[in-house]
Amino acid sequence: MGIEFDDDRVDTGGVDDRRGGGIGLGGGGLALGGGAGVIGVVIYLLVAVLGGGDGGSSGFPQLGAGSANSTGQQESSQELNDRCNADGALDKYTDCRLIKVYDIADSTWDDEFGKRGLDYHAPKLAFFDNATNTGCGQASSSVGPFYCPADEEIYLDLNFLDQLQKDYGAQGTFAQAYILAHEYGHHLQNLLGTEAQMRQAQQKNPDKENEYSVALELQADCYAGVWSTLADQQKSGIDLTKGNIAEAQKAAQAVGDDRIQKKATGKVDQDSWTHGSAAQRKEWFTTGYSSGDIDQCDTFGALGL
Ligand SMILES: [Zn+2]
């Protein structure tokens, strides 16, 4: 199912294209600081699958690092811009489509924050292959898509994203839009100070660390839902269909902790959840989508934050 964009102009100015750069992983795997909220929609699924720890900042296993090393030459930013603005590019190229989604997210949130009298600036959208250095440490693509608050960039390895979608049944172009919108949601949490507050609360109440993480993640899902509605209302946005929403809801469920745990180990252990269950993730995305209002995304209420 495609995404219907109101226009097909793509602004590649916010892209930090690191593909084909060939940074190797210096043997350490991931050293992302800060823990849970830093990390993307699907990171813990891999940790769970591969049996790495509990979602702290311990080293994550590498998954086939190096196997998909880019052989192509790096595209210049002008070439990227030309390719993404050619006829049919949004149907043909995943990267161009995601840049378009990112552009729309930027204008919707710029608008929305402006209406609320809040300061806003865009994150960067980084594409990389295999591994890259970030403001949150060195990351390999096996962590899945993630947002780093220290450098305010959303990191995506497109080959890996593709693989994840195949493996976890979160397929479709709007499923990708949801993943990007979720990461964008973490940027909003960074701008709003929610991220920092949540880290402090985690330090004060280590026994509730995972509950706080779940609340942060569900709020990012809710923001992704709000974005869907705002993008639909936006002039140069998208023409949202029921099929799009169904795709996002399915993707939100696919990356629920219970689903992932069950797939990985056959068991479900609620105490170790960091992102929320399939039902919770779908519910919060839907809350955001139905209301179109970030004030309805109070996932921290029950925790008194
Ligand atoms: Zn997240």
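Reader: Why is E152 called partly exposed in this predicted model?

Author: The relative accessible area of E152 is 22%, and since buried means under 20% and exposed over 50%, with partly exposed in between, E152 is partly exposed. The residue sits in the loop that joins strand 5 (146–148) to strand 6 (153–156), and E152 has a positive phi of about 55° although it is not a glycine.

Reader: What makes N130 count as buried?

Author: N130 has a relative accessibility of 11%, and because the term buried applies under 20%, N130 counts as buried. N130 also has a positive phi, of about 70°, without being a glycine, and its place is the loop between strand 2 (124–127) and strand 3 (131–134).

Reader: How do you know which residues coordinate the zinc ion?

Author: The donors are H182 through NE2, H186 through NE2 and E217 through OE, at 2.0 to 2.1 Å; as a donor is an N, O or S atom within 2.8 Å of this metal, these atoms qualify. Water is not among the atoms, so the site may look incomplete. Along the sequence, the donor residues follow the spacing H-x3-H-x30-E.

Reader: Why are H182 and H186 separated by about one helical turn?

Author: Both histidines belong to helix 6 (residues 173–192), and because they are four residues apart there, about one helical turn separates H182 from H186.

Reader: What makes H182 and H186 buried or exposed?

Author: With the limit for buried set at under 20%, H182 counts as buried because its relative accessibility is 0%, and H186 counts as buried because its relative accessibility is 1%.

Reader: How do you know which strands are the edge strands of the open sheet?

Author: Four strands form this sheet in the order 1-2-6-5, with mixed pairing. Strand 1 (15–17) and strand 5 each pair on one side only, and these are the edge strands. From one strand to the next, the twist averages 25°.

Reader: What makes strand 1 and strand 2 a pair?

Author: Three bridges link strand 1 and strand 2 in the parallel sense, and because at least two bridges are needed for a pair, the two strands pair. Within this pairing, V15 stands opposite L125 in strand 2.

Reader: Which helix lies across strand 1, strand 2 and strand 6, and at what angle does it run to strand 2?

Author: Helix 4 (residues 94–115) lies across these strands and runs at about 165° to strand 2.

Notes
Residues are numbered from 1 along each chain as its sequence is written. This is a predicted model: local features need pLDDT of at least 70, side-chain atom pairs count only at pLDDT 80 or more; totals for chains, interfaces and linings use all residues. Side-chain values use heavy atoms; hydrogens and water are left out. Donors are N, O and S atoms within 2.8 Å of the metal (3.2 Å for Na, K and Ca); water is not among the atoms, so sites may look incomplete. Buried means under 20% relative accessible area, exposed over 50%, partly exposed in between (1.4 Å probe, protein chains only). Axes are lines fitted to C-alpha atoms, for helices over the stretch in contact, and angles run from 0 to 180 degrees between N-to-C directions. Contact means heavy atoms within 4.5 Å.
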